[in-house]
Amino acid sequence: MSARSEDTVDKADQDKADRVASDSHIEGQPTIAVVGDGQLARMMQPAAAELGQSLRLLASDTSASAAQIIPDVVIGDYTNLDDLHRVASGATAVTFDHEHVPPEHLRTLQAEGVNVEPGPDALLYAQDKLAQRKKLREMGLPVPPFMAMESVDDARQFWHVMDGEVCIKACRGGYDGHGVWFPESEDECADLVATLIDDGTPAMAERKVHLVRELSAMIARTPSGETVLWPVVESVQKDGICWLAIAPAPELEPSLRDEAQRIATRIATELGVSGVMAVELFETTDVDGDPAVVVNELAMRPHNTGHWTQDGCVTSQFEQHVRAVADMPLGSTEMTADCTVMANVLGGDEDPDMAWSERMVHVWERFPEAKIHFYGKGFRPGRKIGHVNISASLIADSAAGSAGTSDEQSNAVSPDDVRKKAREAAYFLVHGRWPETAD
């Protein structure tokens, strides 16, 4: 092909891309630029479309999860400032489905008048775990004892001070259990820190928390300062990955619920967070044996523990996020059922021959109330492929006692029942068969 014909093809492709981008936006409505092409950006799309908003996506590839369904896609690299300029051009706001964009690029965009939500000064505390720990301690909020790991001597010193109750974390980039280690001996701890230093990976150590369970307190905040909270949920982990989210967290002490939401509100307000934020917490006990919470991580974007809001809440986290970053009034977070359980669909060791569509049919035949959400991703062991939400109105056993009818008793549902259904539905989607026993 001649150089001239190549130029003609390139121009035709660009004209087509410009036409697609133009046709995908509604004049006078917000255009939200989303950096990141995963399932979180994908699930923002239907929420934005129902509001008349438009998304423009910075994606690594047209086959990426979000790029499959968002018409206006800029192919590029989120670490490249020129690519960020391209996706931000003319957008009402720039937001994220991950926290890994270089903060210096975001400050450059801000200086040029681009509306970045959340801004880099807030996002830093979701990007850098050590900076986050220092900031939260400065604010007087509950965090485990911690220390920067700058030498092998630091590792050995911290090991002795904590009596071996040590967790090592990479300061940046870890997720779903990656970048977190629990050494079993002082030498293992020292060797691990030595390896991280040699690899140029900044790391920190903190005291290992004795868990009762994990909780998540989610909040949305607009740039102008309006905030709303969702009910605190219980997060159940498997191999470092969120497996289940149970809303609301069963049998949570009201004082702990209030404390978790107070912490989330204070962080969002004082750090100037905009959009949705998840505050992941450990429920533990204090020195007197009383229930307590400590902060684990921050995520300044929609979060896995908020997927239940799609089908169990008046306003989902995805709708709330695109409303918030556009500085529009926030929606109600009232639950639409007494209990909703989200179960992640995580790739198993093998992918069964049964087609996904057939697996979905079997799930719906057994659980017609199941809401299945897929991410357009191929199979890989441990990969987040989708999730299932199941909601129910509860009839407590005590309420269905002598005063209740036999029908009420037979239809009584507990949070454990909802949890079991969600687990079984997700299990079938992964394995193409029902579990023989409860997981």
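**From the whole chain to single residues**

Tutor: The protein chain exposes about 20,000 Å², and carbon and sulfur atoms supply 47% of that area. Please keep in mind that this is a predicted model.

Student: What percentage of the 439 residues in the protein chain is buried?

Tutor: A residue counts as buried when its relative accessible area is under 20%. The chain, which has 14 helices and 17 strands, comprises 439 residues, and the buried share of these is 51%.

Student: Among contacts with a separation of 6 or more, what share joins residues 24 or more positions apart?

Tutor: The share refers to contacts in the protein chain whose partners have a separation of 6 or more.

Student: How many disulfides does a search of the whole structure find?

Tutor: A disulfide would require two cysteine sulfur atoms within 2.5 Å. Cysteine 171 is buried at a relative accessible area of 4%, and cysteine 242 is buried at 6%. For disulfides, the search of the whole structure gives a count of zero.

Student: Which residue of strand 7 stands opposite isoleucine 168?

Tutor: Strand 6, residues 166–170, runs antiparallel to strand 7 and is joined to strand 7 by two bridges. Opposite isoleucine 168, the residue in strand 7 is tryptophan 181.

Student: How many of the 11 residues of strand 13 are buried?

Tutor: Strand 13 covers residues 275–285 and pairs with strand 9 (residues 213–221) in the antiparallel sense over nine bridges. Strand 13 also pairs antiparallel with strand 14, over eight bridges. Strand 13 is largely enclosed by the rest of the structure, because the buried residues among its 11 number 10.

Student: Which residue in the turn between strand 13 and strand 14 has a positive phi?

Tutor: Threonine 285 stands opposite proline 291 in strand 14. The two strands form a hairpin with five residues between them. In that turn, a positive phi of about 85° belongs to glycine 289.

Student: Which side chains make polar contacts with the side chain of threonine 305?

Tutor: Threonine 305 is in the loop between strand 14 (291–299) and helix 10 (309–312), and is buried with a relative accessible area of 1%. Beyond its neighbours within four places in sequence, threonine 305 is in contact with several residues, including Met218, Val233 and Cys242. Its side-chain polar contacts, at 2.8 Å and 2.7 Å, are respectively with serine 216 and histidine 303.

Student: Which residue has its backbone nitrogen 3.2 Å from a polar atom of the side chain of glutamate 99?

Tutor: Glutamate 99 lies in the loop between strand 4 (93–96) and helix 4 (103–111), where its relative accessibility of 7% counts as buried. Not counting residues up to four places away in sequence, glutamate 99 touches Leu123, Ala126, Gln127, Leu298, Ala299, Met300 and Arg301. The backbone nitrogen at 3.2 Å belongs to methionine 300.

Student: How many Å separate the C-alpha atoms of leucine 429 and glycine 348?

Tutor: Leucine 429 is found in helix 14 (residues 415–431) and is buried at 0% relative accessibility. Leaving aside neighbours within four places in sequence, its contacts include Val345, Trp356 and Phe374. Leucine 429 and glycine 348 are 81 residues apart in sequence, while their C-alpha to C-alpha separation in space is 9.9 Å.

Key
Residues are numbered from 1 along each chain as its sequence is written. This is a predicted model: local features need pLDDT of at least 70, side-chain atom pairs count only at pLDDT 80 or more; totals for chains, interfaces and linings use all residues. Side-chain values use heavy atoms; hydrogens and water are left out. Two strands pair if DSSP finds at least two bridges between them. Helices (H or I, at least four residues) and strands (E, at least two) are DSSP runs, numbered from the N terminus. Buried means under 20% relative accessible area, exposed over 50%, partly exposed in between (1.4 Å probe, protein chains only). Contact means heavy atoms within 4.5 Å. Accessible areas come from the Shrake-Rupley method with a 1.4 Å probe; for residues, only the protein chains shown count as cover. A polar contact is a pair of N or O atoms within 3.5 Å; within protein, one must be able to donate a hydrogen and the other to accept it, and residues adjacent in sequence count only if both atoms are side-chain atoms.
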